[in-house]
Amino acid sequence: MQQHEILNKRNLLMIITYIFSAIVFAVVITSQLLKHQPAFLIVCVASSLLLVAFYYVKLPPKTLQIIIIVCWHLLAFLFNFQSVSIITFYAFLYIIAILTIYRSSLILTINIILILLEIFILYKLSFFSFSLFNSQDHFLFFSFLIVICIVSIGQSFFIKHIWMKLEKNAIDRENYLNSKHAYLNLFFEQANDAIAVFDLEDRVIAVNPAFEKLYGWSKEEAIGRILPLIPPENEEESRQRKVDLMLGKKYHLHETTDMRKDGTFFDAQISLSPIISPHGEIIGSSVISRDISYIKETENLILQSEKLKLVGELAAGVAHEIRNPMTVISGYVQMMNEDSDSPYYEYTKLIQNETERIELILSEFLVLSKPQANQYAPINLAEALSEVVQFLQYEFHSKAISLKIINEFLNITILGNKNQLKQVFINLFKNAI
């Protein structure tokens, strides 16, 4: 394909040169410097139009090359046919020089043979008698012919060798660039991070599939548009980043908030870079972004964990401080509760139960700092409820509240934590009060 393109361009140059030469030959003929033949002018015009037509109908380059060479020989032959002389024969030398553009020793050799044949035909048709050595003009012409043929053939071999070497280098370079471009394209298309390229007006030039997935804009929707990727409250920050980019500054792993097509926000980590042309001018910008919402969530969980740890340490300290006076209270209550005949026995028994419950609550505070497995045991629901009612009896009385328990299931037993269950009942009663 590349060879055809090169040959096509050479054919175009040959056609332009042919038209120019035909005009020059026609002017020489019509200026009465040589014998005038209208047929020659017709051939000049017709052949020029024919070559232009063949080029624009995209005739195969090889075929067009042969037609161009034939037209050149026809033009030179008819030019000499007007008036054969050693001066007009120099048109053949001109053809040899012109056709060296094809860089083909085979074509050049065939042209030289055809020119010698045409000179012989003209010599025979014109009855023009000359010898190689009968005049200085003849000697100079044939000397030039020999020199031009030798130089042209040598030049064809030399230039063809250089051209093939340059062509090979160009092909290797093109293959390398194509391979490099292919790898870059694979990286762009398969990257996990969202990548977008913008012009100086912030219009999208290119996006990769990860960008479409992250921001919700398809490639067809995005290219050529200014997308609303920045939340309104961050527009001032975005404008400042744009100013910095125009000054050549880069942003690496900058954390901000971006907006998707559906209007939802997400925590983003972006890297911004200006795109600089080979001349050192900033012609656009690129952005690589990723969703770091899960990282932020993890950071929040770690922070909450640290807070809970601190609360646990505080709870442990408070529990230890409360336990000391509670130990004294519990000891005296137990002493008071040893006399079952005391009129306050029922109350001291209740106080003892509740101090034990306070001890359990303090133990649960300690669990915050040192988590333990829950201890489950059989619980009689009616008994637990009765103990809570007895504990809150004074509060009911002080609020003038009358409480009546109706329970049809007196012997229901469940497996659980009695202290935590009683706390649930207490909370329910207090809310009701």
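A residue counts as buried when its relative accessible area is under 20%, as exposed over 50%, and as partly exposed in between (1.4 Å probe, protein chains only). By that cut-off Ser47 is buried, with a relative accessible area of 7%. This is a predicted model, in which local features need pLDDT of at least 70, side-chain atom pairs count only at pLDDT 80 or more, and totals for chains, interfaces and linings use all residues. Residues are numbered from 1 along each chain as its sequence is written, and side-chain values use heavy atoms, with hydrogens and water left out.

**Confidence**
- The mean pLDDT of the protein (the predictor's confidence in each residue, from 0 to 100) is 76, and 77% of its residues reach 70 or more.

**Buried residues in helices**
- Ser47 belongs to helix α2 (residues 38-56), where helices are DSSP runs of H or I with at least four residues and strands are runs of E with at least two, numbered from the N terminus.
- Leaving aside residues up to four places away in sequence, Ser47 touches Tyr18 and Cys71, a contact being heavy atoms within 4.5 Å.
- Leu122, in helix α5 (residues 105-126), counts as buried at 1% relative accessibility, and its C-alpha atom is separated by 8.1 Å from that of Phe77, 45 residues apart along the chain.

**The five-stranded sheet**
- An open sheet of five strands has the order β2-β1-β5-β4-β3 with antiparallel pairing, two strands being paired if DSSP finds at least two bridges between them.
- Because β2 (204-207) and β3 (251-259) each have a single partner strand, they stand at the edges, and one side of each is left without a neighbour in the sheet.
- Strands β1 (residues 194-198) and β5 (residues 282-291) run antiparallel and are joined by five bridges, with Ala194 opposite Ser289 in β5.
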